[in-house]
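Colleague: Could you walk me through this model when you have a minute?

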Amino acid sequence: MENILVLTHVDESGVLSRASLESVAAGVELSSALSAKLSIGVVAVDAAAVAAQLAGLNACVLAATSPELAEPRFSSDAAACEALCRTAAPSIVLAPGSSRFTRVLPAVAHRLGGVTDTHITLLTGGAQAEATRWFYRQRVEAVITRTARPWFLLLDAGTRTAYAGSGAAPTVEAVALTLPALRTKVLGIKAPKQDEQTIRPDAKLLFVAGAGWTKKQADGQVHATDAEALILGFLRNADASLGSSKSLVDQSGENQSVLNFMTHLNQIGQTGSTPRHAKGLSTCCHGEEPHVVGWRFVNERRAINLDANCGWARGKADVVYIADAFAVMERVNALLAEKK
Ligand SMILES: Cc1cc2nc3c(=O)[nH]c(=O)nc-3n(C[C@H](O)[C@H](O)[C@H](O)COP(=O)(O)OP(=O)(O)OC[C@H]3O[C@@H](n4cnc5c(N)ncnc54)[C@H](O)[C@@H]3O)c2cc1C
């Protein structure tokens, strides 16, 4: 018989994270489908504060607590997860695929002689446990079974409803936790302000910058600084999300002029992302097929290119402006600024 342990952790406000509660819900479903024993492991400063979130749960609740667990840190989180696993002796461990647990769980699995699978979107039981995940950028869906145990499964967030129990809070059993010498001290969190985030999945408009922004222009010069100002100005004014062609993000490795706010995370296309936006505006990007396949969920497409023979002009965009993107975006920014 399987023995399932769900590992959970608190978020910045000291309560169990939403992804943790989704994992608890997954644990309840899977244990019922497999007729397996269920335990919940809590990694927290104070487990009493989170017990109410597990109300009504028919499971053994174990907690590894310490003031050092207020902040994510590999050594303390790994020690806490290991202590919970050694106490519960599970054959299957479910955990949220949060940044906190993703960096810790494979190491914990290794310490316990187990195996790990990540990005699990669905769990099913019956004769045996089966885990589903996608490969190759959501093109191939695989159903995984394993005989190796303990089997650690990191679950993708947003793939199931979070556990919301009612009734009496469960009794929490404290697990002995010995932390190793902690070399990393968390002094605080420095995160970019929301408006400095260039990837905005909820934006109506996707603005794509191509390599042309950093190429020599009509005057024989590169104008990367002007390009940065124009692009950032537009993103701010239009609340757009920023995408890039592969050529542009690859330039940083080739010591060419780069746009400093652009990373590989911005890349759209066959080897990049496939975001969903109502509209898209491509600038200084040729519109080659490996790039344009990343636009398949962008409904209305426009492009600005100097080249009347670019890929966008060959049926890949609804409207193509044959123009200098520097001049067009300067004018567009001025119009948007007037409107604000
Ligand atoms: C296996 C494979 C996978 C790939 N995956 C991806 C992927 O995921 N995403 C991706 O983007 N690419 C991908 N590529 C690369 C892709 O084929 C193209 O090489 C790349 O998209 C070209 O980028 P670009 O259009 O920005 O640059 P370029 O081809 O250099 O085009 C620059 C454009 O800027 C225009 N321009 C220059 N100055 C101006 C100006 N002032 N105003 C207006 N226009 C101007 C030029 O006319 C030109 O059309 C892949 C290729 C392969 C082989």
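This is a predicted model: local features need pLDDT of at least 70, side-chain atom pairs count only at pLDDT 80 or more; totals for chains, interfaces and linings use all residues.

Colleague: Okay, into which domains is the protein divided?

Modeller: The protein is split into domain 1, covering 3-174, and domain 2, covering 194-339, and the C-alpha centres of domain 1 and domain 2 are 40 Å apart.

Colleague: And the ligand, how many residues surround it?

Modeller: There are 30 residues around the ligand, and the closest of them are Gly-210, Gly-212, Ser-245, Lys-246 and Gly-269. By class, the shell around the ligand consists of 11 nonpolar, 14 polar and 5 charged residues.

Colleague: Which helix gives the most to that shell?

Modeller: That is helix 7, with 3 residues, while the elements that each supply at least two residues are helix 7 (246-250), helix 8 (289-292), strand 13 (298-305) and helix 9 (325-339).

Colleague: What does strand 12 pair with, then?

Modeller: Strand 10 (residues 205-209) runs parallel to strand 12 and is joined to it by 5 bridges, with Val-208 opposite Ser-282 of strand 12. Strand 12 also pairs with strand 13, again in the parallel sense, over 6 bridges, and there Leu-281 stands opposite Arg-302 of strand 13.

Methods: Residues are numbered from 1 along each chain as its sequence is written. Domain bounds come from an automatic or database domain assignment. A residue is near a molecule or strand if its C-beta atom, placed from the backbone, lies within 6 Å of it. Helices (H or I, at least four residues) and strands (E, at least two) are DSSP runs, numbered from the N terminus. Ala, Val, Leu, Ile, Met, Phe, Trp, Tyr, Cys and Pro count as nonpolar, Asp, Glu, Lys and Arg as charged, and the others, Gly among them, as polar. Two strands pair if DSSP finds at least two bridges between them.
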